[in-house]
Each structure stands twice: as C-alpha cells, then as structure tokens.
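Trainee: I am new to this structure. Could we go through the terms used for it and check each one against its definition?

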Amino acid sequence: MKTVNKKIIIVRSVLVVVYLLLAVVMFVTGRSHTVLIDNKAAEDGSFKAINGMEVTINKLPSSEFMKGDRDKFVVKGQNVKIKVVSFDGQIEDTYKIKIPLAQDAVLISVPKLVNGLEGAVEPFKIY
C-alpha cells in the first residue's frame, strides 16, 4: 500500500513540474512586444534618414517608410528579424534583434541600425 502512495506522489509531482515548465515556455514564446520603426534623422545631423525604404518584420507584411515616418508593429516572442531594403537599392540588409522579456515596447531607429550606431534599439514607454 505504501509503494502505491509513493508512486502516486511521484507521478503527481512530475506532472506539476511539467505543467510549470510548459507555462513558462508558453509565456516566453507567446509574449507580445510593440516594435516602433523610426526613419528620422538625428537632430544634431550625425546621421540622415533614409529617403525611402521597405521594412519587413518577421513574417508580417512589409511596410514602406519615407523620411520622418514611424510605424508600429506587434510581434510575438523576443527574437525579431528586420529586413530593410531601400528604394534606391543601396541598402538591403537583415538584422536580428532580441527584445528583453520584461520590455513592452522598443523603438528601433533604422538609420542608426543601418549605420551601425549605438542606441539603434531603445526602450520605449507607452504609458
């Protein structure tokens, strides 16, 4: 009788651990983040906005950006793949960015990203 109770306790403990691990995996992969794509020049003139470009984030439909444009995307998961193609054909790159889990929204400056400058991805407060 005692071995049956031990087996039941072990099986239930394993099931609890499996459910908790599944909950953590679902939270991390299903968490959505707001990504703001920005195509603005620096106020100090250190970099310029891209004249015209097409941006694709993950597998979402692509969007066109002109100078000074900003748009919002909602993505699931922490890993974001951004493909940037300029209208003049001079830029065609893909960038991989990891968003911190606790961060609700990030602002991505595409001109900074393309030029390899610091601060291309920065936290953004929505509220």
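Mentor: This is a predicted model. Start with strand E5 (residues 79-86), which pairs with E6 in the antiparallel sense over seven bridges.

Trainee: What makes E5 and E6 a pair?

Mentor: The number of bridges. Two strands pair if there are at least two bridges between them, and E5 and E6 have seven. Therefore they count as paired.

Trainee: What is found between the strands in the hairpin of E5 and E6?

Mentor: Five residues lie between the two strands, and in this hairpin Gly-89 takes a positive phi near 85°.

Trainee: Which sheet holds E5 and E6, and in what order do its strands stand?

Mentor: An open sheet of four strands, in the order E3-E2-E5-E6, with antiparallel pairing.

Trainee: Why are strand E3 (63-66) and strand E6 (92-98) called edge strands?

Mentor: Each of them pairs on one side only. Neighbouring strands of this sheet are turned by 25° against each other on average, direction ignored.

Trainee: How do you know that E2 and E3 are joined?

Mentor: Four bridges join strand E2 (residues 52-57) to E3, and the two run antiparallel. The requirement is at least two bridges, so E2 and E3 count as a pair. Gly-52 stands opposite Met-66 of E3.

Trainee: What is the order of the strands in the sheet with mixed pairing?

Mentor: The order is E4-E1-E7-E8, in an open sheet of four strands.

Trainee: How many bridges join E1 to E4?

Mentor: Seven bridges join strand E1 (residues 32-38) to E4, and they run antiparallel. Val-35 stands opposite Phe-73 in E4.

Trainee: Turning to a helix, why is Tyr-19 called exposed?

Mentor: Tyr-19 lies in helix H1 (residues 2-30). Exposed means over 50% relative accessible area. Tyr-19 has 55% relative accessibility, so Tyr-19 counts as exposed.

Trainee: Which residues form a nonpolar patch on the surface with Tyr-19?

Mentor: The patch consists of Val-11, Leu-15, Tyr-19, Leu-22 and Met-26, with about 530 Å² of accessible area together.

Conventions: Residues numbered from 1 in each chain as written. Predicted model: local features only at pLDDT ≥ 70, side-chain atom pairs only at ≥ 80, totals over all residues. Heavy atoms only, no water. Axes fitted to C-alpha atoms, helices over the stretch in contact; angles between N-to-C directions. Patch = residues over 30% accessible without salt bridge, like charges linked within 9 Å, V, L, I, M, F, W, Y side chains within 5 Å. Areas by Shrake-Rupley, 256 points an atom, 1.4 Å probe, with all protein chains shown as cover. Salt bridge = Lys/Arg side-chain N within 4 Å of Asp/Glu carboxyl O. Buried < 20%, exposed > 50% of the residue type's maximum accessible area, 1.4 Å probe, protein only.
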